[in-house]
Amino acid sequence: QVQLVESGGGLVQAGGSLRLSCAASGRIFSNYYMAWFRQAPGKEREFVAAIKWSGANTDYGDSVKGRFTISRDNAKNMAYLQMNSLKPEDTAVYYCASGLVRGSRPGHYNYWGQGTQVTVAS
């Protein structure tokens with residue numbers, strides 16, 4: 001029902017910023033949640049942020065609070081992740097996801113993009 005494509009990843013120096021984009025297509029219902037996860041090699045997929053497609057409530061993982069901001073543009077069917085004050089430990093593949101339930105576990109989300117690599121140099 002929903003297709004997601006991430007973009008905006010790349011190489012950045014520690015302390016720098018990047019903005020990731022998630023282009024959504026298909027049937028997105030107002031009660032859907034959009035989320036960002038990340039996964040580093042050898043580690044489990046980690047919750048980053050979530051926002052309801054209709055509404056302003058947001059949720060963030062503890063490791064990114066105060067540095068990352070999730071947002072959306074319903075008219076453009078886009079979700080974003082603004083990442084500031086990047087640290088080497090932020091290095092991971094970042095995935096956009098959507099589902100009917102907001103949660104911090106990957107199993108809460110039904111649809112996934114293919115990911116975009118973010119590398120933060122030390």
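**Reading contacts, burial and the disulfide**

Reader: Leaving aside its neighbours within four places in sequence, which residues is A97 in contact with?

Author: Contact means that heavy atoms lie within 4.5 Å. Leaving aside neighbours within four places in sequence, A97 is in contact with L4, Y33, M34, A35, F37, Y109, Y111 and W112. This is a predicted model, in which local features need pLDDT of at least 70 and side-chain atom pairs count only at pLDDT 80 or more, while totals for chains, interfaces and linings use all residues. Residues are numbered from 1 along each chain as its sequence is written, and side-chain values use heavy atoms, with hydrogens and water left out.

Reader: Where is A97 found, and is A97 buried or exposed?

Author: Strands are DSSP runs of E, at least two residues, numbered from the N terminus. A97 belongs to strand β9, residues 92-99. Buried means under 20% relative accessible area, exposed over 50%, and partly exposed in between, with a 1.4 Å probe and protein chains only. A97 counts as buried because its relative accessible area is 0%.

Reader: How many residues separate A97 and V2 in sequence, and what is their C-alpha to C-alpha distance?

Author: A97 and V2 are 95 residues apart in sequence and 9.5 Å apart in space, C-alpha to C-alpha.

Reader: What joins C22 to C96?

Author: A disulfide is a pair of cysteine sulfur atoms within 2.5 Å. The structure holds 1 disulfide, and it joins C22 to C96, with an S to S distance of 2.1 Å. The pair links distant parts of the chain, with C22 in strand β3 and C96 in strand β9, 74 residues apart. Both C22 and C96 are buried.

Reader: Why is the disulfide of C22 and C96 left-handed?

Author: The disulfide is left-handed because the torsion about the S-S bond of C22 and C96 is about -80 degrees.

Reader: Where is the place of S21, and what is S21 in contact with?

Author: S21 lies in strand β3, residues 18-26. With a relative accessible area of 13%, S21 is buried. Its contacts, leaving aside neighbours within four places in sequence, are V5, E6, S7, W36, M78, A79 and Y80.

Reader: Where is G9 found, and why does G9 count as partly exposed?

Author: G9 sits in the loop between β1 (2-7) and β2 (10-13). G9 counts as partly exposed because its relative accessibility is 34%. Not counting residues up to four places away in sequence, G9 touches L20, T116, Q117 and V118. G9 and A92 are 83 residues apart in sequence and 9.8 Å apart in space, C-alpha to C-alpha.

Terms used:
Helix = DSSP H or I, 4+ residues; strand = E, 2+ residues; numbered from the N terminus.
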